[in-house]
Amino acid sequence: LDSSDNPSISYHGGTNNALKYAAWNGATWDTQTISIDGGYYTSLVLDTSNDPQISYMNASYDLAYAAWDDSSWDLQIIDSNDLVGSHTSLVLDSGGHPNISYYDLTNRVLKHASWNGSSWDTQTVDGSWGVGIYSSIVLDSNDDPHISYRDNTNLALKYAAWNGASWDIETVDSDGDVGPHTCL
């Protein structure tokens, strides 16, 4: 929701393979096509100026990012190491910089990307085989990321938190087939 409580939605455009964006202006939905290069697994946040920022997987299976700069969309490829970028979750830190959790399908691991002010930093959060789908990210009061996600190999719910030097990883629940569709 923007500062006037109007909703915005990022989504895949279906037949034209597009990343699309819709925003309610108070009377109607304003929709636009951002890119015709995919738009899967979108995650949307609005910055303090109500400008949208979106993480997504493009048609080349790259982790991609789109940000509105008051006149046009700035499109960036963050990680293009084979098949990456699904199950994205996006949040902004206190400085307005994006942090994204996502799944690396090639290596079957959970990854994290963050904008440091001049470039993207990417790292593997949990390198265990088959972890990282259905990720959800939040930042604490120190702007340190916390991520919930599914361990698909062990059918478990996991949690990772950055402690300032490394990732602390825990299994939250492994009783049966648990962990899909997390929200933190």
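This is a predicted model: local features need pLDDT of at least 70, side-chain atom pairs count only at pLDDT 80 or more; totals for chains, interfaces and linings use all residues.

Visitor: Why is G130 called buried?

Guide: Buried means under 20% relative accessible area. G130 has 7% relative accessibility, so G130 counts as buried. This residue is found in the loop between β11 (120–126) and β12 (131–139).

Visitor: What does G130 touch?

Guide: With residues up to four places away in sequence left out, G130 touches Y103, R108, R150, D151, N152 and T153.

Visitor: What makes Y21 and W73 an aromatic pair, and why is the pair called edge-to-face?

Guide: Rings pair if their centres lie within 6.5 Å, and planes over 60 degrees apart count as edge-to-face. For Y21 and W73 the values are 5.7 Å centre to centre and 70° between the planes, which makes the pair edge-to-face. Y21 lies in strand β2 (residues 19–24) and W73 in strand β7, so the pair ties together parts that are 52 residues apart in sequence. Both residues, Y21 and W73, are buried, and together with W68 they form one aromatic cluster.

Visitor: How do you know that W24 and W29 form an edge-to-face pair?

Guide: Their ring centres are 5.5 Å apart and their planes make an angle of 65°, and the limits are again within 6.5 Å for the centres and over 60 degrees for the planes.

Visitor: What makes β4 and β7 the edges of their sheet?

Guide: Four strands form an open, antiparallel sheet in the order β4-β5-β6-β7. β4 (38–46) and β7 (73–79) each have a single partner strand, so one side of each is left without a neighbour in the sheet. The twist from one strand to the next averages 20°.

Visitor: How do you know that β5 and β6 pair?

Guide: Pairing requires at least two bridges. Strand β5 (residues 52–58) and β6 have five bridges in the antiparallel sense, so they pair. Y56 stands opposite A64 in β6.

Terms used. Residues are numbered from 1 along each chain as its sequence is written. Side-chain values use heavy atoms; hydrogens and water are left out. Helices (H or I, at least four residues) and strands (E, at least two) are DSSP runs, numbered from the N terminus. Axes are lines fitted to C-alpha atoms, for helices over the stretch in contact, and angles run from 0 to 180 degrees between N-to-C directions. Buried means under 20% relative accessible area, exposed over 50%, partly exposed in between (1.4 Å probe, protein chains only). Contact means heavy atoms within 4.5 Å. Rings of Phe, Tyr and Trp (its six-membered ring) pair if their centres lie within 6.5 Å; planes under 30 degrees apart count as stacked, over 60 as edge-to-face and the rest as tilted.
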